[in-house]
Amino acid sequence: MSRVIEVARSWLGTPWMHNQKVKGIGVDCIGFLFAVAEECGYDLPSMPSNYPRTALDDGIRKYLDSYLIPCEEIKAERVLLFQYAGFNNHVAIATSENSIIHASYTHKKVVEHPLDGIWLRTLKGVWSISM
């Protein structure tokens, strides 16, 4: 198992909490990405703090395009962007070509589950965190 997936899974069950990134205490989707990257030794610039819970622009896509490597193929460790309420505003980490881990507002915690159904329909991009 890769270090990124191992670290991401160590966050399972951490409660969802907007604008946070503290393992076991609270994290949102973008905070989860930053925290996992940081724990794995990747130096990603943080997004501005106090961002809205639901992004109303394409800021996350612009951030991913600026600091990560766009990819076509979904596989373990890739960062995936999803569209919610008409905006590209949710990220997850692929744990395989058909599963993801993310801080889920719906589940109120970090969860891992299949990449299928609504997730495939709302997928808007794939990036590699490896620089």
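1. Lys 108 belongs to the loop that runs between strand S6 (99–104) and strand S7 (109–114). Keep in mind that this is a predicted model. The phi of Lys 108 is positive, about 65°, although Lys 108 is not a glycine. Is Lys 108 buried, exposed or partly exposed? Its relative accessibility is 44%. Buried means under 20% and exposed means over 50%, so a value in between is called partly exposed. Lys 108 therefore counts as partly exposed.

2. Stay with Lys 108 and look at its side chain. Over which ring does its charged end sit? The ring is that of Tyr 105, and the charged end is 3.5 Å from the ring centre.

3. Asn 19 is another loop residue to check. Its loop lies between helix H1 (3–9) and strand S1 (21–22). Phi of Asn 19 is near 60°, which is a positive value in a residue other than glycine. At 21% relative accessibility, Asn 19 counts as partly exposed.

4. Now the aromatic rings. How many aromatic pairs are there? With ring centres within 6.5 Å as the rule, the count comes to 5 aromatic pairs. One of them joins Tyr 63 and Tyr 67: the ring centres are 4.8 Å apart and the planes meet at 45°, so this pair is tilted.

5. Where do these two tyrosines sit? Both are in helix H3 (residues 59–67). They are 4 residues apart, about one turn of the helix. Tyr 63 counts as buried, at 8% relative accessibility. Tyr 67 is partly exposed, with a relative accessible area of 34%.

6. Phe 82 and Trp 119 make an edge-to-face aromatic pair, with 5.0 Å from centre to centre and 85° between the planes. Why does this pair tie together parts that are 37 residues apart in sequence? Phe 82 lies in strand S4 (residues 78–84), while Trp 119 lies in helix H4 (residues 118–122), so the pair links those parts. Both Phe 82 and Trp 119 are buried.

7. Back to the tyrosines of helix H3. Together with Phe 34, Tyr 63 and Tyr 67 form one aromatic cluster.

8. Last, Ser 128. Strand S8 (residues 123–128) holds this residue. Ser 128 counts as buried because its relative accessibility is 13%. Which residues does Ser 128 touch, leaving out those up to four places away in sequence? They are Leu 68, Ile 69, Cys 71 and Arg 78.

Notes:
Residues are numbered from 1 along each chain as its sequence is written. This is a predicted model: local features need pLDDT of at least 70, side-chain atom pairs count only at pLDDT 80 or more; totals for chains, interfaces and linings use all residues. Side-chain values use heavy atoms; hydrogens and water are left out. Buried means under 20% relative accessible area, exposed over 50%, partly exposed in between (1.4 Å probe, protein chains only). Contact means heavy atoms within 4.5 Å. Rings of Phe, Tyr and Trp (its six-membered ring) pair if their centres lie within 6.5 Å; planes under 30 degrees apart count as stacked, over 60 as edge-to-face and the rest as tilted. A charge sits over a ring if NZ of Lys or CZ of Arg is within 6 Å of the ring centre and within 35 degrees of the ring normal.
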